[in-house]
Amino acid sequence: MKSLRILFSFAVLSLSAMAFAQADAHKSAAPSDAPKSDAQKSFDQLKTLAGTWHASITTDPPVKEMGNGAIGDVSLRVTSRGNALVHEMGEQGKDDPTKYDHPVTMFYLDNDRLILTHYCDAGNRPRMAARLSPDGKTVEFDFLDVAGNTQYGHMEHAVFTFIDANHHTEDWTFKLKGDKLMHAHLDLQRATQQASISQK
């Protein structure tokens, strides 16, 4: 019985490796000069943010816990063979994500759309779809839907603005009970750069 489990595991791994090899072959066979979609351009732009960032945070209306100009940490990491980008926010000096706010956001391409899924501390998962500004300096995410408990509200909108390689801003809009909106503005300076990862 044990040998059957080992054989089954080996077969699954072999099939996965074959699938990845076929996907890589398909990618290399695709014409490299084909124009990129706005979704792909937006995703490529966001992946340049990989690394660790220090954020000065302001909210409207003001939130006592965040203060005006409070400092937070944001990390972005390219993963899953370049098919996903992980964005994590945390309060500086508060490293236990089970006790303190630590939302995680995933970015990935879904056919011709760039999708954001936000795993919120409020216990829900809103999804948003990206729009690239004509100048390519802003990626804006519009609300699609939300899963999970929304009794405390949910994230509704996000905007990433690229200033230079070491400076960008993020604007997040949270819809509170009664459809009131709370805006958080993050002004981010790069702390460290992630080790280079192929983003093709």
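Arg127 and Asp145 pair up through their side chains in a salt bridge, with an N to O distance of 2.8 Å. Arg127 belongs to strand 6 (residues 124-132) and Asp145 to strand 7 (residues 138-148), so this pair ties together parts that sit 18 residues apart in sequence. The model is a predicted one, and a search through the whole structure turns up eight salt bridges.

How open are the two partners? Arg127 has a relative accessible area of 25%, which makes this residue partly exposed. Asp145 comes out at 31% relative accessibility and likewise counts as partly exposed. With the cut-offs used here, buried means under 20% and exposed means over 50%, so a value of 25% puts Arg127 in the band in between.

Arg131, Glu140 and Asp142 are joined in a network of salt bridges. One link runs between the side chains of Arg131 and Glu140, at 3.2 Å from N to O. In the other, Asp142 bridges to Arg131, and here the closest N and O atoms are 2.5 Å apart. Asp142 is found in strand 7 and Arg131 in strand 6, so this contact ties together parts that are 11 residues apart in sequence.

Arg131, at 44% relative accessibility, counts as partly exposed. Glu140 has a relative accessible area of 23% and is partly exposed. For Asp142 the figure is 25%, again partly exposed.

Is Ala84 buried or exposed? With a relative accessibility of 9%, Ala84 counts as buried, since the cut-off for that label is under 20%. Ala84 is placed in strand 3, which covers residues 84-91.

Which residues does Ala84 touch, once its neighbours within four places in sequence are left aside? The contacts are Phe43, Arg77, Val78, Thr79, Met106 and Phe107.

Terms used: Residues are numbered from 1 along each chain as its sequence is written. This is a predicted model: local features need pLDDT of at least 70, side-chain atom pairs count only at pLDDT 80 or more; totals for chains, interfaces and linings use all residues. Side-chain values use heavy atoms; hydrogens and water are left out. A salt bridge is a side-chain nitrogen of Lys or Arg within 4 Å of a carboxyl oxygen of Asp or Glu. Helices (H or I, at least four residues) and strands (E, at least two) are DSSP runs, numbered from the N terminus. Buried means under 20% relative accessible area, exposed over 50%, partly exposed in between (1.4 Å probe, protein chains only). Contact means heavy atoms within 4.5 Å.
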